[in-house]
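Look at the sequence and the structure first, then read the points below.

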Amino acid sequence: MAPLEIREEHRCFGGRMGYYTHASSATGVSMNFAVYQPPQALGGVLVPALYYLAGLTCTEETFMIKAGAPRLAADLGLMLVACDTSPRGLNIPGDSDTWDFGVGAGFYLNARMLPWTRNYRMGSYVDHELPTFIEEHFPASPERRGIFGHSMGGHGALVLALRNPQHWHSVSAFSPVCHPSTVPWGEKAFGNYLGPDREQWREWDASMLMRQRPYPGEILVDQGEADPFLAAQLIPEALEAAAEASGQRLRLRRHPGYDHSYWFIQTFVEDHLRHHALQLGRVA
């Protein structure tokens with residue numbers, strides 16, 4: 001069993017909040033992640049695990065601190081897992097020049113281009129390595145695994161679930177980058193990580209994937225209508241069109257007055273946790 005480094009742990013709503021580090025073979029560096037174990041897990045019960053992917057510039061701490069999710073996770077018997085948003089400490093030329101590419105902006109894909117291909121493999125990390133590690137070290141059920149995220153992380157959650165639906169048994173997203181092949185954030189990331197061949201981009205674009213092979217369950221997406229990135233970066237209408245074309249069950253809710261912040265996430269996070277608990281089977 002690979003070693004687990006405990007950075008800090010705290011009792012929280014009858015369960016345990018912890019921050020951890022482990023050596024990753026997928027990224028080639030140590031990766032940080034956070035886990036909230038509900039009271040049921042501390043009692044030795046294998047519980048459903050819900051993985052959260054954060055957005056640009058965030059870390060494994062952002063969701064656990066800002067979203068207000070642990071109280072409900074304790075009631076529902078859900079384990080929450082949040083990972084970092086990219087490898088860190090590599091000092092690759094250009095990895096810290098801008099806020100929307102490189103460090104803090106791994107886009108949950110597997111890079112194909114140098115100098116990124118060795119370490120920027122967040123797709124494999126989230127899809128395979130992290131769940132395997134969590135299930136080795138924590139009482140998480142491998143048969144009940146959900147994924148959700150925000151913005152860049154919403155993109156990651158949708159893409160990984162669509163690419164590997166047998167591995168992810170529920171999925172949802174807040175304000176996801178729905179069609180990254182056609183927006184500035186995605187074009188920058190995909191062009192550098194994946195290269196100029198846009199055919200290679202299709203396998204990491206949720207709208208394109210959904211048209212080809214819909215996810216077998218219902219997908220919940222929440223989007224604020226006052227989000228400053230809505231028109232230029234997120235374009236949820238592309239996801240709606242893909243769902244209509246493929247028959248995907250998509251519940252995309254638009255909320256007047258809400259923006260891109262964690263205040264928006266706090267407002268609707270209960271709906272997402274209940275969506276996943278229904279799909280995964282709550283313990284409580």
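Arg145 counts as buried, at 6% relative accessibility. The model it belongs to is predicted. Arg145 meets the side chain of Glu135 in a salt bridge, with 2.9 Å from N to O. The structure holds 13 salt bridges, 21 aromatic pairs and zero disulfides.

**Salt bridge between Arg145 and Glu135**

- The N to O distance in the salt bridge of Arg145 and Glu135 is 2.9 Å.
- Arg145 is buried, whereas Glu135 is partly exposed, with a relative accessible area of 23%.

**Salt bridge between Glu187 and Arg198**

- Glu187 and Arg198 form a salt bridge in which the closest N and O atoms are 3.3 Å apart.
- Glu187 belongs to helix α6 (residues 184-193), while Arg198 is in the loop between α6 and α7 (206-212), so the pair ties together parts 11 residues apart in sequence.
- Glu187 is partly exposed, with a relative accessible area of 33%.
- Arg198 is also partly exposed, and its relative accessible area is 46%.

**Salt bridge between Arg253 and Asp222**

- The side chains of Arg253 and Asp222 meet in a salt bridge, at 2.7 Å from N to O.
- Here two strands are tied together: Arg253 lies in β9 (residues 250-255) and Asp222 in β8 (residues 219-224), so the connected parts are 31 residues apart in sequence.
- Arg253 is partly exposed, with a relative accessible area of 22%.
- Asp222 counts as buried, at 0% relative accessibility.

**A salt-bridge network**

**Aromatic rings**

- The structure holds 21 aromatic pairs.
- In one of these pairs, the ring centres of Tyr51 and Trp168 are 5.4 Å apart and the ring planes stand at 75°, so the pair is edge-to-face.
- This pair links distant parts of the chain, 117 residues apart: Tyr51 is in strand β4 (residues 47-53) and Trp168 in the loop between α5 (152-163) and β7 (170-174).
- Tyr51 and Trp168 are both buried.
- Ring pairs also link Tyr52, Phe63, Phe148, Phe174, Tyr258, Phe264 and Phe268 into a cluster.

**A charge over a ring**

- The charged end of Arg163 sits over the ring of Trp204, at 3.8 Å from the ring centre.

**Cysteines**

- A disulfide is a covalent bond between the sulfur atoms of two cysteines.
- The structure holds zero disulfides.
- Cys58 is in no disulfide, and the nearest cysteine sulfur, that of Cys83, is 11 Å away.
- Is Cys58 buried or exposed? Cys58 is buried, with a relative accessible area of 13%.
- Cys83 is buried as well, with a relative accessible area of 2%.

Key:
Residues numbered from 1 in each chain as written. Predicted model: local features only at pLDDT ≥ 70, side-chain atom pairs only at ≥ 80, totals over all residues. Heavy atoms only, no water. Disulfide = S-S within 2.5 Å. Buried < 20%, exposed > 50% of the residue type's maximum accessible area, 1.4 Å probe, protein only. Salt bridge = Lys/Arg side-chain N within 4 Å of Asp/Glu carboxyl O. Helix = DSSP H or I, 4+ residues; strand = E, 2+ residues; numbered from the N terminus. Phe/Tyr/Trp six-rings, centres within 6.5 Å; stacked < 30°, edge-to-face > 60°. Lys NZ or Arg CZ within 6 Å of the ring centre and 35° of its normal.
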